[in-house]
Amino acid sequence: MPTGQHWYVSVTVARGARPGKRVVLVSGVHGDEMSSVHAVQSVMNQLDPAEMSGTVMAVTDVSRPAIEGMQRRWPNSGRGADLIDMNREWPGNENGVTAPSRHAGLLFNRLLRPNADAAIDFHTGTTGFDVTAFNLASMDVPEVRAMVELYPVGQIFDNHVYPGVLHNAFVDAGIPSFTPEIGAARVLNLEMTSLFVEGTMNVLKHHGILAGPMGRTGKDVGVYIGNSALPIIATQGGLVEHLVKLNDKVEVGQKVAIQRNSFGQVVAEYTSSVAGEVTGQRSDAMSEPGNPLAFILFNNTTPDSRETYPE
Ligand SMILES: [Zn+2]
């Protein structure tokens with residue numbers, strides 16, 4: 001930082017009485033995603049090291065300066081104030097040009113990667129844009145698929161997404177990893193969080209760290225799997241009125257939102273060009289052109305591995 005200081009992060013370790021696999025739980029890569037922090041804390045609070053075979057390590061506040069301000073991005077000083085998305089920085093570079101790259105490199109090389117046989121990087125939607133409960137994962141990686149299927153949540157977004165996200169850095173290092181998404185930013189959604197805690201306890205049982213019967217899984221909730229997320233982008237400025245809700249099924253051509261100008265006139269109508277399920281919606285009621293208003297999870301016969309998504 002400009003003071004010459006590094007940021008500390010909060011690390012909790014539950015080391016089992018017997019040896020075994022090591023699972024790393026991460027939250028706070030984005031600083032406004034509080035249900036992700038609570039999910040990790042809730043899993044850790046349920047663990048009894050005396051009953052465990054293996055180790056679970058939690059890092060709850062990866063992007064410290066972003067969390068201090070409960071903001072998505074890491075504030076740095078470029079040409080004046082600047083904002084860096086830490087989930088585009090992984091695996092980082094200890095000797096990189098920028099402070100966020102060095103922070104990512106130090107954490108990944110010295111804390112996260114050396115302690116992980118599997119890793120889960122918890123997120124939520126972003127400020128102003130809510131998402132439903134889903135897992136973002138590369139389901140063509142068998143070790144990833146085996147974990148993700150153990151979550152009793154309604155949707156899986158099966159996509160490699162972009163480089164630079166933390167779970168892809170783990171996968172590139174040979175460590176199976178994925179990203180749970182737990183509803184809206186800035187708030188605690190305890191009902192939704194409990195589903196991810198149940199799924200993560202299943203994952204710890206899957207790896208033999210915990211004993212006991214599995215809880216509910218994706219099969220029990222009829223999980224919907226899509227490989228693409230269609231963004232519906234605002235073409236006008238104005239007030240947005242959604243006509244569908246999160247998790248609703250939509251058909252090709254279905255109207256999903258309208259937008260009014262300052263005189264109350266409808267200036268835009270938005271339809272889905274695909275059949276799928278609503279996985280995210282803008283929650284800020286005002287929008288300018290270019291903002292995503294919704295994402296529709298669907299199955300694309302030729303999926304684009306470089307899709308945008310507010311993870
Ligand atoms: Zn995030």
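Student: Which residue of β3 is the bridge partner of Val13?

Tutor: Met57 is the bridge partner of Val13. Keep in mind that this is a predicted model.

Student: In which sense do β1 and β3 pair, parallel or antiparallel?

Tutor: Antiparallel, over five bridges. Strand β3 covers residues 53–59.

Student: What sheet do they belong to, and what is the strand order?

Tutor: An open sheet of eight strands. The order is β1-β3-β2-β6-β10-β8-β9-β11, and the pairing is mixed.

Student: Which strands stand at the edges?

Tutor: β1 (11–15) and β11 (224–226). Each has a single partner strand, so one side of each is left without a neighbour in the sheet.

Student: How much twist is there from one strand to the next?

Tutor: The average is 20°.

Student: Which strands does helix α6 lie across?

Tutor: β2 (18–26), β3, β6 (118–121), β8 (133–137) and β10 (177–182). The helix covers residues 190–206 and runs at about 160° to β10.

Student: Let's look at Ser177. Where does it lie?

Tutor: In strand β10.

Student: Is Ser177 buried or exposed?

Tutor: Buried. Ser177 has 27 other C-beta atoms within 10 Å, and 20 or more is enough to count as buried.

Student: What does Ser177 touch, leaving out residues up to four places away in sequence?

Tutor: Ala118, Ala119, Ile120, Asp121, His167, Phe170 and Val171. Asp117 is 60 residues from Ser177 in sequence, yet their C-alpha atoms are 9.2 Å apart.

Student: New topic. Which residues have the most contacts inside the largest nonpolar core?

Tutor: Val23, Val24, Leu25, Val26, Val56, Ala119 and Ile296. That core has 78 residues. Domain 1 (11–221) and domain 2 (227–298) both give residues to the core, so it lies between them. Nonpolar side chains tend to be buried together in soluble globular proteins.

Student: Take Val26. What is it in contact with, beyond its neighbours within four places in sequence?

Tutor: Val59, Val62, Ala119, Ile120, Asp121, Phe122 and Leu166.

Student: Back to the two domains. What separates their centres?

Tutor: 28 Å, taken over C-alpha atoms. The contact takes 13 residues from domain 1 and 14 residues from domain 2.

Student: On the domain 1 side, which elements give two or more residues?

Tutor: β7 (129–131) and β9.

Student: Now zoom out. How many helices and strands are in the chain?

Tutor: Six helices and 19 strands.

Student: What about the overall dimensions?

Tutor: The C-alpha atoms fill a box of roughly 65 × 50 × 35 Å along the principal axes. The radius of gyration is 20 Å; a compact globule of 311 residues would have one near 19 Å, so the chain agrees.

Student: And what share of the residues counts as buried?

Tutor: 48% of the 311. Among contacts with a separation of 6 or more, 70% join residues 24 or more positions apart.

Key. Residues numbered from 1 in each chain as written. Predicted model: local features only at pLDDT ≥ 70, side-chain atom pairs only at ≥ 80, totals over all residues. Helix = DSSP H or I, 4+ residues; strand = E, 2+ residues; numbered from the N terminus. Rg over C-alpha atoms; globule rule 2.2 N^0.38 Å. Buried ≥ 20, exposed ≤ 12 C-beta atoms within 10 Å, placed from the backbone. Contact = placed C-beta atoms within 7 Å. Core = buried A, V, L, I, M, F, W, Y, C linked by C-beta atoms within 7 Å. Domains from an automatic or database assignment. Pairing = 2+ DSSP bridges. Axes fitted to C-alpha atoms, helices over the stretch in contact; angles between N-to-C directions.
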